[in-house]
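Dear colleague,

My notes come after it.

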Amino acid sequence: MLLREYQADAADENERLLHHWQIDVNGAQTHPVYQYLKEGYAAKSHLPVENLSWNFVKYLVDREGNVVAKYAPQITPMQMVDAIEALL
C-alpha cells in the first residue's frame with residue numbers, strides 16, 4: 001500500500017501521524033526509494049553502489065529528483081543549510 005493511500009484511509013490526522021514502517025535499506029529487499037538514492041549518489045560520485053552502514057545517512061535531492069549529495073550520520077541538518085538553500 002502506498003503511503004498516500006494509507007493516509008487517505010486513516011480515520012484522522014493523529015492516526016496518520018502515529019504510523020511508520022520499518023523498511024530495508026540494504027540487501028535484496030531494499031526499498032525502492034533507498035535503491036534510487038544509493039544508485040543516484042553512486043552515479044554522481046562515480047563510485048559503486050554501497051550499503052548504508054548506519055541509519056541517519058541523509059541524501060540531498062534537487063527539484064528534478066537528482067541526488068546532489070550524501071551526508072554521514074554525524075552531520076546535522078543545520079550543517080546542511082547552505083547546500084539546501086543553494087538548491088532553492
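What follows is a short account of what was found, beginning with the whole chain and then going to single residues.

This is a predicted model, in which local features need pLDDT of at least 70 and side-chain atom pairs count only at pLDDT 80 or more, while totals for chains, interfaces and linings use all residues. Residues are numbered from 1 along each chain as its sequence is written, and side-chain values use heavy atoms, with hydrogens and water left out.

The protein chain holds four helices and two strands, where helices (H or I, at least four residues) and strands (E, at least two) are DSSP runs numbered from the N terminus. Along the sequence these elements come in the pattern α-α-α-β-β-α. Of the 88 residues in the protein chain, 19% are buried; here buried means under 20% relative accessible area, exposed over 50%, and partly exposed in between, with a 1.4 Å probe and protein chains only. The protein chain exposes about 7,100 Å², of which carbon and sulfur atoms supply 55% (Shrake-Rupley method, 1.4 Å probe; for residues, only the protein chains shown count as cover). Among the contacts with a separation of 6 or more, 25% are between residues 24 or more positions apart, a contact being heavy atoms within 4.5 Å.

In soluble globular proteins, nonpolar side chains tend to be buried together. The largest nonpolar core here consists of five residues, Leu37, Leu52, Val57, Tyr59 and Val67; such a core is a set of buried Ala, Val, Leu, Ile, Met, Phe, Trp, Tyr and Cys residues joined through side-chain atoms within 4.5 Å. Beyond its neighbours within four places in sequence, Tyr59 is in contact with residues including Leu37, Leu52 and Val67, and also with Lys38.

Lys38, in helix 3, is buried yet has no salt bridge, and the nearest side chain of opposite charge, Glu39, is 8.2 Å away. A salt bridge is a side-chain nitrogen of Lys or Arg within 4 Å of a carboxyl oxygen of Asp or Glu; for charge, Lys and Arg count as positive and Asp and Glu as negative, while His and the chain ends are not counted. The side chain of Lys38 does make a polar contact with the side chain of Asn26 at 3.0 Å, the term standing for a pair of N or O atoms within 3.5 Å, where within protein one must be able to donate a hydrogen and the other to accept it, and residues adjacent in sequence count only if both atoms are side-chain atoms.

Lys58, found in strand 1 (residues 58–61), is likewise buried without a salt bridge, with Glu50, the nearest side chain of opposite charge, 15 Å away. Its side chain reaches the backbone oxygen of Phe56 at 2.8 Å, and the backbone oxygen of Ile75 lies 2.8 Å from a polar atom of the Lys58 side chain.

His46 lies in the loop between helix 3 (32–45) and strand 1, and has a positive phi near 60 degrees. Most residues other than glycine have a negative phi. His46 is exposed, with a relative accessible area of 72%.

Lastly, Gly40 in helix 3 is partly exposed at 22% relative accessibility, and Gly40 and Lys70, 30 residues apart in sequence, are 10.0 Å apart from C-alpha to C-alpha.

With best wishes
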